Amino acid sequence: MVSAHSHAFQRDLRGVGERSDDDFWGWRGAMYALADALDPDGMYEVALRNYAAMRAAGYGTVGEFHYVHHNPDGTPYDEPNAMALAVARAARDAGLRIVLLPAAYARGGRPRFRDADVDTFLARVDALPEPHGVAAHSARAVPESWLREIAEYSEAKGIVRHVHASEQPRELEECQAEHGCSPIELLHRTGFLGPRASVVHGIHVSVRDIALLAETGTTVVSCPTTEGNLGDGFPPALAYRDAGVPLAIGTDENLVLDPFEEVRELETLARRERRTRHALLAHHGDLWAAVAQAGAASLGIGDPGTIEVDREHPRLAGVGDEDLPRALATCAGADVVLSPFTD
């Protein structure tokens, strides 16, 4: 499986993040405190633990949406990409394939997330080792002009681009107030949507938003366990299915590292959406493969690789070959993995 969206350092919010039990915006304070405590060595350590657990659970590739860039006061490290390079080294040491997705941040957040201008940010992206893409954190965190320039950069370099969008109702209200449109409409207006683009979350969307995502060939990356933990809601998966919008998954907070659980929850939520069993699994036949391939395309890679599963595990024992894809999407768990990712 491919995790097309990860914040590796948030692995250490397990338990701690539950102290804030009001809403997403309260949880964000705990996340900021954790981010402010990290240096490159600390980032490497938590990312290594996270990625080793991901690989053991059945993930083979991670798209690391990385925005903790600088010293806590906002000054760059001597090596401007020190934090990103620590994350990349951790993935290599854990045996996990990584596509770095450095994220632009211009306003809000913490000083260490932000760059003074988009040219400075893109110069740092240019200096990163391959493979990498590029990201804008969100319509909240970057101005319209940055979205346009990042999209143009992605097209010129032939690399993928990602962005958080339509995760929270308040985000939609703020975008409407500033830009007179929804976040998806803003991304379309700036040329950000397209076959190289992925929108992370895509929960609170209109019929018009879904049509724009479909028309432009944009992927939606859902993060089911995180979206449930944060009380975000869930994406209209069957509306996306009907429109032909590809769906990938991400681990996001990395509180739960079990790709089988993410796929199962995606399917279960889709069934609840219209109270039907003819949902994503019925449409694709092999939902695991469809989601893995969408994740690979989201990160601009080819074959996502293979894992070996234990057919004698209690979760799978007695399941015939014909029904194995259905069982993997509905009743398997990370403990069925015998041999982890092979490239």
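Me: How many aromatic pairs does a search of the whole structure find?

Reply: This is a predicted model, and the search of the whole structure turns up 8 aromatic pairs. Let's take one. Tyr 67 and Phe 113 pair up with 4.9 Å centre to centre and 80 degrees between the planes. Planes over 60 degrees apart count as edge-to-face, so that's the label this pair gets.

Me: Where in the chain do Tyr 67 and Phe 113 sit?

Reply: In distant parts, 46 residues apart. Tyr 67 is in the loop between strand E2 (61-66) and helix H3 (82-94), while Phe 113 is in the loop between strand E3 (97-104) and helix H4 (118-126).

Me: Is Tyr 67 buried or exposed, and what about Phe 113?

Reply: Buried means under 20% relative accessible area. Tyr 67 comes in at 3%, so it's buried. Phe 113 is at 0%, so Phe 113 is buried too.

Me: What kind of aromatic pair do Tyr 105 and Phe 113 form?

Reply: A tilted one: the centres are 5.2 Å apart, with 50 degrees between the planes. Tyr 105 is buried, like Phe 113.

Me: Which residues form one aromatic cluster?

Reply: Tyr 67, Tyr 105 and Phe 113 are among them, and the cluster also takes in Phe 9 and Tyr 32.

Me: What sits over the ring of Tyr 44?

Reply: Here we look for a charge over a ring. The charged end of Arg 89 does this for Tyr 44, 3.9 Å from the ring centre. Another case is Arg 170, which lies over the face of Trp 25, at 3.8 Å from the centre of the ring.

Definitions and conventions
Residues numbered from 1 in each chain as written. Predicted model: local features only at pLDDT ≥ 70, side-chain atom pairs only at ≥ 80, totals over all residues. Heavy atoms only, no water. Phe/Tyr/Trp six-rings, centres within 6.5 Å; stacked < 30°, edge-to-face > 60°. Helix = DSSP H or I, 4+ residues; strand = E, 2+ residues; numbered from the N terminus. Buried < 20%, exposed > 50% of the residue type's maximum accessible area, 1.4 Å probe, protein only. Lys NZ or Arg CZ within 6 Å of the ring centre and 35° of its normal.
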